[in-house]
Amino acid sequence: MSNLSNQYWARTFESFVNFDPIFEASTLSKTGMPAKMISAIHKKAEHWENYPRMAHTYRSRSAIPMPYKYHGPSHDIEITEPKVLTGVKTSTDPYSGRTIGSQYTDFHWFIESLPLGQNRVLISNPDLEFYMYIYDKSRSKGAVGLQYAILWWDKDRQRAVDFGYSELTTQGVDRERIRAVHDTKGGNRSDKIQEFVRSATKEGDKNYAPSTSKPLYAYTLNVDTSGAAEPRTVRQGRVESTMPVTSITLIDVFANRYKNLLSVAKDPIKNKLMSEIEEVSGRANATAPVKELADSLEVNADELMYYLLIKTKDFRSEFYKSSGGAYAKTSGFELEAENRAMRNIVGSGSGPATYTINKKKFSPDEERGDPEQGFREAQPEKYKRDLPVPGQYASIPSIIKNHTLDGTMFRLVYFLISGRINAPKINILALLGIDPDQEDFTDLPDFETWTL
């Protein structure tokens, strides 16, 4: 073993347990894995909750999409004792106990025993500088059998290569590694993976891994689908604090600010609002602030909620149209979040309250590559997927950035009253026709803190 490998790898499990990883950021360094391979595993792009990652396989030379999910492991993930694979053949599956007519290697039985879906399996031999990371398993779409998504350490080029589900056996590597019969037929199945391993570790005619002289060490690492012990738990906290500001959030703030103002507005203004609310053709489950506003106006809370959803959507649309580019569009994913939130309180008949979402077919070539690897997959995906594009609704943060929160609320109430965006620079009391000396002028906000 080289001096470099000796720095990282413990030869016995006892020494391994007490081994302090040379890379303090990741316990994966206990396995002897090169730093760039460790980085590739931790930094591989994760999936969106509603948009899985995409790999591909082949059927009759045509690319077939294969969705999968990927979560980067925690930097302190527990490294368990590895299984030692020596290539011994048996007709009995040691994991299930079933016996079949043909004999297969312990390597085959091991990877076949892995569960479908996300996996974290490192198969390695530091003496050979061989490292293969299986991160997903799926039923084959290109040929009979099961397929495996793989990251592999290319010791010659000193970089990690993401082969996905198929590139191990097609364009991603030198064709000499795989027999021509495998080209463009199916994906990374067990037989093809074993042939690749033999080719990558071969010295002489039959001196290759796995064997008693060249064993492979298989580490099965925990996949925490709950996220309780994963780095994404921390990210989730950040995501929740920076979640898209939806119309419902804006409506709640509006209801809190104006519940004691609109109820004492001048009769023509108040009556106009109440008339429009009663004319809406739908209902939405009102939030607590909207219920309080409805009580003050003596209108149906669910009708008021539906009315405000429609008006807020129209408000954002008009704001963008009249802005001349002054406000940012709302991203397609945020519009999808709007409609999901809408369906939760309105149901299927959201109609006029629904945001229009357009989609465009995007290729991975249009996505930003991973700066660590310089490429996103070993080969680009062979098809395009439909993703939502920004819509012509001013994003709420951009409106608030230009006008402050109170200024946004002021413009929203003016829009409800007049249907126009450009609010006059007048006092809110004058706008609503409120006499500050009237007897029921109580329990109102501190206007001195409002910035319009």
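**Entry 1: α10 against α11**

I looked up helix α10 (residues 301-321) and helix α11 (residues 332-346), which pack at an angle of about 165 degrees with their axes 11 Å apart. The model I am reading is a predicted one. Angles over 145 degrees count as roughly antiparallel, and α10 and α11 are therefore roughly antiparallel to each other. I noted a left-handed crossing where α10 passes α11. On the α10 side I listed M305, Y306, L309 and R316 as making the contact, and on the α11 side E338, M342, I345 and V346. Sorted by class, the contact of α10 with α11 has six nonpolar residues, two charged ones and no polar ones.

**Entry 2: α7 against α10**

Next I took helix α7 (residues 247-258), which packs with α10 at an angle of about 110 degrees, the axes being 10 Å apart. The range from 65 to 115 degrees counts as roughly perpendicular, so I put α7 and α10 down as roughly perpendicular to each other. The crossing of α7 past α10 is right-handed. From α7 I recorded S247, I248, L250, I251 and F254, which meet M305, L308, L309, T312 and R316 in α10. By class, I have seven nonpolar, two polar and one charged residues for the contact of α7 with α10.

I then went back over α10 for both contacts. M305, L309 and R316 of α10 are among the residues in the contact with α11, and M305, L309 and R316 are also among those that α7 meets.

**Entry 3: aromatic rings**

I counted pairs of rings with centres within 6.5 Å, and the count comes to 13 aromatic pairs. One pair I checked is Y68 with Y135: the ring centres are 5.5 Å apart and the planes are at 50 degrees, so the pair is tilted. I placed Y68 in strand β2 (residues 62-68) and Y135 in strand β7 (residues 130-139); the two are 67 residues apart, and the pair links distant parts of the chain.

**Entry 4: backbone points**

I found a cis peptide bond from A209 to P210, with omega near 0 degrees. P210 sits in the loop between α5 (190-201) and β10 (216-220). I also noted E129, which is not a glycine and yet has a positive phi of about 55 degrees. I located E129 in the loop between β6 (117-125) and β7.

**Entry 5: confidence**

I read a mean pLDDT of 78 for the protein chain, with 74% of its residues at 70 or more. Over residues 237-242 the pLDDT is below 50, and I found zero contacts for this stretch in the model beyond near neighbours in sequence. Residues 364-381 also stay under 50 in pLDDT. For residues 364-381 the model has 43 contacts beyond four places in sequence.

Conventions: Residues numbered from 1 in each chain as written. Predicted model: local features only at pLDDT ≥ 70, side-chain atom pairs only at ≥ 80, totals over all residues. Heavy atoms only, no water. Axes fitted to C-alpha atoms, helices over the stretch in contact; angles between N-to-C directions. Helix = DSSP H or I, 4+ residues; strand = E, 2+ residues; numbered from the N terminus. Parallel < 35°, antiparallel > 145°, perpendicular 65-115°, else oblique. Left-handed = near helix turned anticlockwise from the far one by under 90°. Contact = heavy atoms within 4.5 Å. Nonpolar A, V, L, I, M, F, W, Y, C, P; charged D, E, K, R; others polar. pLDDT = per-residue confidence, 0-100. Phe/Tyr/Trp six-rings, centres within 6.5 Å; stacked < 30°, edge-to-face > 60°.
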